[in-house]
Amino acid sequence: MNLTLPIILGLSAAAIGTTPPGLLNMTAAKVSMRDGRNRALWFAFGASIIVFFQTLLAVLFSRFIDRRADISAVLQEIGLVIFTVLTVYFLWIAKKPKTKKKKEEIKMRSKSSRFFLGMLLSSLNLFPIPYYVFVSITLGSYGYFNFDTFFIYSFSAASAIAAFLVFFGYISFFKGKEKKDSFLSRNINYVIGSITGLVALFTLFKIVYR
């Protein structure tokens, strides 16, 4: 049970934290609809690698961060700025559909650009860090989480795998609806911008009333 527990906990925690629609999920769907499933999978792979390191960092420093409320406050303020900028970008800057020529040029840049885009957006998404800090500390308080090397790395790897599977689910679902849901394909920037806007408002509320 000691060998499987961190894997089960990592898969469960990542599934709960990643399944709700978010920036990475919807961007993976967008890449799938516009550039194809293969490039979307490369995006998901790049994002999942960052999830691994974010989880690892969160777990390694969970006790320290838990004792320092000022660090959590700084993370929230940084997240507010990032998601406000992303909201402005998706709602007003990136709303114009690309021409066919530009779309083909994006495809020519291919898998590596989507891989690094996944890493970049995942790096900008700071919310997994406090989330996994909360998860690890909560599970530890009930005796289900150990802070030894094997447990930490197994938990982090399982979280990254679960995140990739969730991204894959979004990619497959939206790719299958590409022809039927052309409206969503044309307006997915608004969907992403609305999500980041809600996250920014929620973060602002937490900062003002903390």
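Modeller: pLDDT is the predictor's confidence in each residue, from 0 to 100. The structure shown is a predicted model.

Colleague: Which element of the protein chain has the highest mean pLDDT?

Modeller: The protein chain has a mean pLDDT of 77, and 74% of its residues reach 70 or more. Among its elements, helix 4 (residues 62–67) has the lowest mean, 65. The highest mean, 92, belongs to helix 3 (residues 37–60).

Colleague: Is F116 buried or exposed?

Modeller: F116 forms an edge-to-face aromatic pair with F115, at 5.2 Å centre to centre and 75° between the planes. F115 has a relative accessible area of 14% and is therefore buried, as the limit is under 20%. For F116 the relative accessibility is 53%, and exposed means over 50%, so F116 is exposed.

Colleague: Which helices does the aromatic pair of Y132 and F155 link?

Modeller: Y132 and F155 are edge-to-face, 6.1 Å centre to centre, with 85° between the planes. Both residues are buried, and they belong to one aromatic cluster that also includes Y131, F145, F147 and F151. The pair lies 23 residues apart in the chain and links helix 7 (residues 128–141) with helix 8 (residues 149–176).

Note on methods
Residues are numbered from 1 along each chain as its sequence is written. This is a predicted model: local features need pLDDT of at least 70, side-chain atom pairs count only at pLDDT 80 or more; totals for chains, interfaces and linings use all residues. Side-chain values use heavy atoms; hydrogens and water are left out. Helices (H or I, at least four residues) and strands (E, at least two) are DSSP runs, numbered from the N terminus. Rings of Phe, Tyr and Trp (its six-membered ring) pair if their centres lie within 6.5 Å; planes under 30 degrees apart count as stacked, over 60 as edge-to-face and the rest as tilted. Buried means under 20% relative accessible area, exposed over 50%, partly exposed in between (1.4 Å probe, protein chains only).
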